[in-house]
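Please study the sequence and the structure before reading each solution.

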Amino acid sequence: MQILDKKRLENALDKLAGTAEVFLPVKKGTAQSGFYSWKTFDKEQDTLMLDALNVLLPPKNVLFPQTEKMYSFKEEGEGIEITGTYEDSKATIIFGTRACDAAAIERFDDVFLTRGYEDTLYKSRRENTVIIANACYEPGQNCFCTSMGINPTDPAAADVIIRDTGDAYIWEALSSKGEKVTGTISGLLESREVKLPELKSFNTIVDYNGVAEKLKNMFEHPIWDRLSQTCQSCGICTYVCPSCYCFDIQVKTRGNQGYRFRCWDSCMYSEYTQMAGGHNPRGDVKERFRNRFLHKLEFFNERYGKPLCTGCGRCIAACPAGISIAEIISEIKEADTDA
Amino acid sequence: MKEIGNKIREIASRLFNDGQVDIFIAWRKGNVDYQTKPYIAKSIEDVNNIVFDEYSIHVLSNYLLKFRDGKEKIGIVVKGCDSRGIVRLLEDQQIERERLYIIGVCCPGMKDPLKAMKDHSGLTEQIETTDGLAAKCLACIEPNPVIYDEILGEPQEPNQKGERFAQVIEIENMSPDERYKFFESTLSQCIRCYACRQVCVACNCRGCIFDEMKPQWVGRETSVSDNLMYHLVKASHMAGRCIECGECERVCPVNIPLMLINQKLIKDVNEFFGPYEAGMQYIEGAIPPLSVYKEDDPDNFI
């Protein structure tokens, strides 16, 4: 098998960064951990987080930036001229993403590239992105990816899988894109046999089987009153979620010119469903809360055959009110629907 | 603390039994030792879920806003910070005093379950000071409830020691360019999740400027200029209202030092219009300094 010794990791990252922009798990100064570009890595202040289980901010920002310009325009007399479009096709590598986050990218592919519409902004980024996934062997307290049908040691959507054996990574290319990046660092790889790590047991296990079906009849169930009771309706869960993809399209103008951009939106905000005529179909926290979990666990599954939760556990760790999607899945599973 | 927890459950049972409350706002345990979370008991059967322990940090007074339009009679447990939040809500006429039965607890300072959750989830560099008191509790100037119907525990000394505004003074002493750079770099991290607004007891407006679309006062891009605009506008609205509970900074998922901004305003309001500390005592009809106009108000900073 091919091995990348951790002593050569920085060297490998430098080489990869010569061919593409490499985003990897980093704690940036005193700010939150997330996926940041290797070229901005500051040895004095930043910490490489490849040895940590994961980082708080998922890599979704790389393929689907929180704010992105779509096109700019200029008004000329009666007409409008499009002065620029902003498709981004620079070569990119996401290095060290975990299986939960890779599975979330797989879901983005479903949303942005299938069912009759291709999102060109997403597509050009995605086509030029190589995913080097870091197989997971030591699940954290709030990880439950296996419960959501994800194999942590065999990440989906990966072009290369790396497996951490302590002082080295096993390096395995899975696609032609993967072979190509492997070529970039082939001088740093060695060939020897090492023992594969063993997957440790999960602390959090939920039973999602049948939950999507059951939810079809639970729209008016009293459980939503209770579960949403302490939700304060902020957007943390949606923004730290690797798979939440809702966005809004807005415009900024100055004088006779401006640009249209899209930005992440959150179904937890009342403005999200605010209609032009003044009505808001999800004016209450309970309604927004219910919609979020129905989308994750029922609607998305209906359309794409998989849930929109990949069990990364970030929302569980970051929710100020301690609301846990794992607990919610279990509560739904156990809920009495005969009443 | 175990004893206080028992007493809270006793009181809650009594209040439900006597029909004195319809709901009771307190805390319950999560799945792990280091997580305690807000809880709203709706009947005497729920009382057994109520806990009070060293992780009961979440400020509960904000939850009263969920019930401001109702008629429910509400029991609520408050520490020093939560109680100052109640004073603010009463001053702003967001809830009627008669609807509340307030159980005050003298607070020795709490640990932060959010920090512990992140550390134990493998999302930080590894467990550092999970056992210590939360940063916001080390900055606390009033651990004892300032408004209550019943009080539990022995009065506590404030944890805040030394120069209260040391960090603010440090920023004040920067050159304007350094200061701009500092705020540009910290606020550029903001992901606009609005958690700082949602947990804030002083943010009790029904409609918020940041949700307005017609006109849209503040852009939704996570650009430095829109982020600065969000935080500066929000902070200005906090002047004379921030009770220094530190919840905004504690819940921020991207570690923005929001209390620095709030503390600067606390310091300024105190210097210009004070002495004043928001929500320290409830006097019926009292109005916070920036809600009144006086001819001799200082204006030399304009």
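**Exercise 1: A buried pair**

B:Glu247 and B:Lys136 are both buried. The model in which they are found is a predicted one.

Task: Determine what joins the side chains of B:Glu247 and B:Lys136, and where the two residues lie.

Solution. Step 1: The criterion for a salt bridge is a side-chain nitrogen of Lys or Arg within 4 Å of a carboxyl oxygen of Asp or Glu. Step 2: For B:Glu247 and B:Lys136 the N to O distance is 2.7 Å, and their side chains form a salt bridge.

**Exercise 2: Buried or partly exposed?**

Task: Classify B:Glu277 as buried or partly exposed, and do likewise for B:Arg84.

Solution. Step 1: The side chains of these two residues, B:Glu277 and B:Arg84, meet in a salt bridge at 3.9 Å, N to O. Step 2: B:Glu277 lies in the segment after helix 10 of chain B, whereas B:Arg84 lies in helix 2 (residues 80–91) of chain B, 193 residues apart. Step 3: Buried means under 20% relative accessible area, exposed means over 50%, and partly exposed lies in between. Step 4: B:Glu277 is partly exposed because its relative accessibility is 22%. Step 5: B:Arg84 is buried because its relative accessibility is 3%.

Solution. Step 1: A salt bridge of 3.3 Å, N to O, connects the side chains of B:Asp211 and B:Arg197.

**Exercise 3: Two helices in contact**

Task: Describe how helix 8 of chain B and helix 10 of chain B are oriented, and which residues meet.

Solution. Step 1: The axes of helix 8 (residues 224–238) of chain B and helix 10 (residues 258–273) of chain B come within 9 Å and cross at roughly 40°. Step 2: Helix 8 of chain B is therefore oblique to helix 10 of chain B. Step 3: The crossing of helix 8 of chain B with helix 10 of chain B is right-handed. Step 4: From helix 8 of chain B, B:His231, B:Ala235, B:Ser236 and B:Met238 meet B:Leu258, B:Ile261, B:Asn262 and B:Leu265 of helix 10 of chain B. Step 5: Of the residues in this contact, five are nonpolar, three are polar and none is charged.

Notes
Residues numbered from 1 in each chain as written. Chains lettered and ligands numbered in written order. Predicted model: local features only at pLDDT ≥ 70, side-chain atom pairs only at ≥ 80, totals over all residues. Heavy atoms only, no water. Axes fitted to C-alpha atoms, helices over the stretch in contact; angles between N-to-C directions. Helix = DSSP H or I, 4+ residues; strand = E, 2+ residues; numbered from the N terminus. Parallel < 35°, antiparallel > 145°, perpendicular 65-115°, else oblique. Left-handed = near helix turned anticlockwise from the far one by under 90°. Contact = heavy atoms within 4.5 Å. Nonpolar A, V, L, I, M, F, W, Y, C, P; charged D, E, K, R; others polar. Buried < 20%, exposed > 50% of the residue type's maximum accessible area, 1.4 Å probe, protein only.
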